[in-house]
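Hi there,

Here is the structure I promised to pass on to you.

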Amino acid sequence: MSDYWLEYVHCHLPRLGLAPEREQEIAVELAQQLEQVEREAATRGANAAVARQRAEEHFPDWAALARAIVAAEAPLAARLPWRLRLALAAAAAGSELRLALRGLRRARGFAVVGVLTLALGIGACAAVFSLVNAVVLQPLPYRQPQQLMAMLETSRQFPVMSVSWPDYLDWQRDNRSFQQLAAFRGSDMVLTGHGPAAMVIGARVTANYFPMLGVAPERGRTFLPSEDRAGGPAVVVLSDKFWRSRLGGDPSWRGRTLDLDGEARTVVGVMPAGFPGGAALDSQAEFWTPLRAFVGEQPSLQNRGRHAGIVVLGRLRPGVSASAAQTDMARVSGALAAAYPATNADSRVRMQGYLDLLVGDSSGALWLLLAAVGLVLLIACANVANLLLARALSTQRERAVRAALGATRGRLWLQALAEGVCLGGLGGMAGLGLAELLLRLAPVLAPATLPRAGQLGLDARVVGFTVALAVLCSLLCALAPALRLGAVGIAACLKDGGDSPAPGGIRMRQALVAIEMALAVVLLAGAGLMVRSLARLQGIQPGFHAQGVLTFIIGLPDSQYPTRERQLAFFRRAEEKLHQLPGVAAVGGVFPLPLSGNDWEAPYTVVGAPPPAPGQEPSADIATVRGDYFAAMGIPLEAGRRLGMDDTGSAPPVAVVDIVFAQQAFGGATPASVIGRQVKLDGVNRTVVGVVAHVQDRSLAGAPRPELYLPQEQSKLNVAALSFVMQAAAGNPLLLAAPAEAGIAAVDAGQPVTDLFSMEQLRARGLSDRRRMLGLLGVLALLALVLAGVGIYGVMAFLVVQRTREIGVRMALGASRGRVLGLVMGQGLRLAAIGAAIGVLLATRLDRLLGAYLFGTAPSDPLTLAAVPALLLGIAAVGCGVPARRATRVDPLAALRAE
Amino acid sequence: MELKGTAEVAVLSLLEARARHGYELAQLMEERSGGALDLHAASLYPLLYRLERRGLVEGRWVERVGERRRRYYKLTAAGRKALAQQRQSWRAFLAGMRAVVLPHEG
């Protein structure tokens with residue numbers, strides 16, 4: 001029997017840090033006490049279970065008992081060993097947590113609301129953070145990725161340019177900061193001989209590209225320096241995906257040849273699965289070929305002024321910082337500017353971390369989302385803090401009794417924190433589950449253009465973040481009730497029945513509601529500004545008629561179509577074929593297509609005008625067109641004529657300009673007066689024969705840029721790529737897709753058709769990122785709104801209960817129901833108005849955060865800033881209305897009698 | 001006038017006649033005071049340990065026929081002295097209180 005109690009004491013009494021014999025002695029004595037209590041209860045008629053329970057409850061607080069014994073045994077408590085103190089504190093915290101959990105189990109409704117509120121906030125935060133983690137924080141999957149830098153060029157006129165080949169060679173020779181500099185250029189090629197001809201994404205790289213990244217091939221080898229030279233052998237390295245899906249994982253891949261762009265290339269190696277990493281420049285690439293061989297075949301690339309798609313990647317030498325490398329490269333490009341003023345006078349190196357280059361654009365949006373979701377979490381915390389405050393007031397008396405019985409201040413603090421910690425812990429766990437669920441939905445929710453979002457998941461970093469978040473929330477929630485401890489006198493509490501709150505408690509709750517309102521206004525205003533921007537953007541006329549237009553790209557491989565003549569011949573025949581298809585109203589071609597993400601810009605001069613200052617040469621967007629392009633796209637003619645069949649290579653050089661160009665180049669002249677003037681482009685004087693309306697070619701939102709159209713037949717530049725546009729006579733243009741592909745195949749069966757869309761799809765794609773961002777922000781703002789509404793409802797309901805007696809007295813003295821309603825509503829709405837005012841002030845500071853997402857809408861947009869607080873006040877009115885109506889139904893007699 | 005805690009002087013008084021174990025002390029305290037003094041075990045044992053440390057009481061394990069080994073506490077000489085002093089103080093205190101609080105009952 002005594003063994004049971006001795007065991008029981010050993011289980012419950014924390015270690016005392018005394019001599020073992022003494023501890024044993026004390027344990028035996030306490031066990032005997034319990035045994036005696038049990039026996040006594042039994043002799044008084046309690047059954048065995050009840051008697052045992054009574055004894056088990058005999059010492060309600062083992063931690064306190066241990067403390068008292070230790071104090072008695074070693075009167076100088078300050079000499080307690082820290083380990084013992086820690087153990088005691090842990091034991092005390094443990095027993096407070098157990099108490100708090102038991103309390104929450106009793107107040108189930110309160111617990112469920114609190115945990116769910118926090119779970120929503122924490123879960124959403126964890127999900128967004130895992131996006132940030134996957135996209136921004138995860139290092140690239142290469143050896144020592146922080147050493148990898150990406151380099152482009154920049155000039156006053158073109159902020160971002162690709163690198164010219166001769167510049168790359170000189171950088172490589174002259175820099176002192178990099179172990180290696182590799183050059184990279186995307187290249188898509190037509191694969192034939194494996195099913196129907198297909199366009200496959202690939203890249204051309206210098207031989208040191210793979211060693212520089214620190215990635216070895218899975219099979220075979222990468223390029224030898226002897227292969228990466230002009231006139232080198234035709235070789236190719238494949239991705240794991242290419243090898244598996246197109247070669248069926250053929251083990252005898254070595255030495256096989258592939259027909260790429262009509263050239264037989266020998267396979268020398270296969271890269272491992274997972275290479276290249278998710279967001280890399282060549283993340284979609286399925287094969288790599290040597291870049292130097294290509295440069296050898298393309299004399300134009302050896303022109304220092306030609307910036308044709310090359311990106312330079314470098315690995316810093318050990319111990320060289322990015323900023324030191326920046327200085328070094330500035331020196332190198334400065335020397336080149338001095339040596340080659342004609343091409344390099346104004347151009348400089350533009351260097352950034354490789355990861356930065358890849359995710360820089362997305363990271364802003366993600367941090368913005370994280371900030372928004374953080375606001376929601378803050379609101380959730382404020383709500384839970386409010387709940388806890390209400391609860392703390394109702395358990396005030398209990399705490400006062402504990403204090404009177406000698407509970408220390410620390411102990412009371414612990415008690416106040418314990419419930420917050422329980423809610424935070426449970427909320428955190430539920431939140432993690434919610435985050436997992438949200439991540440499963442992420443492919444639907446996340447913008448399609450987000451790099452690396454495929455690697456989402458709850459890794460250690462996300463879980464750690466969530467745990468930290470839960471701890472922070474626990475503290476935030478528990479802080480308000482814990483602070484209240486100091487404000488409440490024990491005596492006051494015991495005296496007045498313990499359920500009338502000190503006024504400070506109400507003030508704190510009101511402050512919390514005002515804060516919630518302010519945060520909700522900020523979020524709503526952000527979402528509202530984005531709605532306004534989107535509406536403005538959708539209202540923008542891109543300048544062409546998107547309805548009923550089908551478009552696709554033809555890219556002719558150099559090997560099959562090595563000369564301009566053969567390329568143009570192909571397009572002539574293709575245009576003719578497409579024109580003969582039934583249901584086609586007009587056919588034209590253009591490069592680059594508006595809103596396609598491609599752009600082409602060149603400097604020009606006006607013939608007969610004084611020459612501009614160096615570095616001040618104007619530039620315009622250039623497009624080559626053929627056929628009935630303007631008619632097919634519904635671009636109105638303002639003056640002169642369109643380009644036509646007669647504008648061939650042998651005819652006098654002509655151009656059509658848009659009205660923005662007409663104004664920029666010829667200074668406010670009317671469209672008609674521009675006809676016949678000449679501009680010089682690429683050394684050729686061209687006569688302007690027509691002026692057309694402006695088209696937003698790069699993006700809907702951008703500032704209008706001047707544009708100049710050339711007949712494809714007269715273009716001196718590469719004419720191997722063209723987007724066909726076909727205007728359907730009626731109905732869905734996508735119905736023309738299959739006949740169009742058949743038409744192209746009839747001209748050349750080996751020529752694939754890519755990027756087949758309706759113009760309306762392309763236009764919507766340009767807005768889809770904004771739309772998704774707005775959707776996410778909208779959901780968060782809605783959540784904030786609901787939470788804030790619940791918050792104000794809770795406080796007002798509580799206030800009404802507190803003031804029942806006062807309201808009863810007022811009504812007994814003749815106050816009308818309307819007056820009582822006004823009293824309660826007024827108090828609630830005043831609170832909401834204060835919060836809303838603060839929120840509006842904060843919202844006007846949103847421009848820095850939201851800048852990239854706003855269009856034609858200032859953060860101080862009056863409509864938004866008026867509508868949002870009004871909406872919130874409406875919600876607050878509903879939140880106050882229910883308790884206010886309850887107040888009017890107070891029976892004065894009952895209210896007064898209750899006292 | 002120095003006045004020690006009520007629990008301390010009560011425990012010393014109860015040990016004056018003979019040695020007792022902890023459970024017995026708690027029972028006696030409740031019986032003699034008619035329930036007015038309820039010294040809970042959670043306070044009693046630490047108090048006993050403190051008194052023992054100060055040398056006022058002495059605990060000893062005793063085995064009686066038919067019972068298990070128990071720890072009995074008895075007054076030491078120093079304990080008797082302390083009890084006498086505290087009694088003196090309490091007597092004076094109670095007389096003073098009586099004169100002030102209950103002037104018509106004396």
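Below is what I found, going from the whole chain to the contact between chains and then to single residues.

First, some housekeeping. This is a predicted model, in which local features need pLDDT of at least 70, side-chain atom pairs count only at pLDDT 80 or more, and totals for chains, interfaces and linings use all residues. Residues are numbered from 1 along each chain as its sequence is written, while chains are lettered from A and ligands numbered from 1 in the order in which they are written.

**Chain A as a whole**

The secondary structure of chain A comes to 29 helices and 22 strands. Helices (H or I, at least four residues) and strands (E, at least two) are DSSP runs, numbered from the N terminus. Of the 899 residues in chain A, 43% are buried. Here a residue is buried if 20 or more other C-beta atoms lie within 10 Å of its own, exposed if 12 or fewer, and partly exposed in between, with C-beta atoms placed from the backbone. Two residues are in contact if their C-beta atoms, placed from the backbone, lie within 7 Å. Among the contacts in chain A with a separation of 6 or more, 82% come from residues 24 or more positions apart.

**Where the two chains meet**

On the chain B side, 12 residues are in contact with 15 residues of chain A. The elements giving two or more residues to this side of chain B are α2 (22-32), α3 (41-53) and β3 (70-75). Of these, α3(B) gives the most, with seven residues. By class, this side of chain B has six nonpolar, one polar and five charged residues. The classes work like this: Ala, Val, Leu, Ile, Met, Phe, Trp, Tyr, Cys and Pro count as nonpolar, Asp, Glu, Lys and Arg as charged, and the others, Gly among them, as polar.

What does α3(B) pack against? Its partner is helix α4 (residues 62-73) of chain A, at an angle of about 10° and with the axes 8 Å apart. Axes are lines fitted to C-alpha atoms, for helices over the stretch in contact, and angles run from 0 to 180 degrees between N-to-C directions. That makes α4(A) roughly parallel to α3(B). The cut-offs are under 35 degrees for roughly parallel, over 145 for roughly antiparallel, 65 to 115 for roughly perpendicular, and oblique for the rest. Residues in this contact include Leu65(A) and Ile69(A) from α4(A), and Tyr45(B) and Tyr49(B) from α3(B). The contact divides into nine nonpolar, no polar and three charged residues.

**A helix pair inside chain A**

Helix α7 (residues 165-174) and helix α11 (residues 322-339) of chain A pack at an angle of about 130°, with their axes 10 Å apart. The two helices are therefore oblique to each other. The contact is made by Asp167(A), Asp170(A), Trp171(A) and Asp174(A) of α7(A), together with Val332(A), Ala335(A) and Leu336(A) of α11(A). Four of these residues are nonpolar, none polar and three charged.

**A covered strand**

Strand β21 (residues 721-728) of chain A is mostly covered, with seven of its eight residues buried. Strand β11 (residues 549-555) of chain A pairs with β21(A) in the antiparallel sense over seven bridges; two strands pair if DSSP finds at least two bridges between them. In that pairing, Leu550(A) stands opposite Met726(A). Strand β12 (residues 584-591) of chain A also pairs with β21(A) in the antiparallel sense, over six bridges. Gly588(A) has Val725(A) in β21(A) as its bridge partner.

**Residues to look at**

- The peptide bond from Phe591(A) to Pro592(A) is cis, with omega near -5°. Pro592(A) is found in the loop between β12 and β13 (601-603) of chain A.
- Gln144(A), in the loop between α6 (108-137) and β1 (148-154) of chain A, has a positive phi near 40° without being a glycine. With 12 C-beta neighbours inside 10 Å, Gln144(A) counts as exposed.
- Asp261(A) is not a glycine either, and its phi is positive at about 50°. Asp261(A) lies in the loop between β6 (257-260) and β7 (263-270) of chain A and is buried, with 21 other C-beta atoms within 10 Å.
- Pro752(A) sits in the loop between α23 (737-747) and β22 (754-758) of chain A. Pro752(A) and Leu191(A) are 561 residues apart in sequence, yet 9.3 Å apart in space, C-alpha to C-alpha.

Enjoy exploring!

Best wishes
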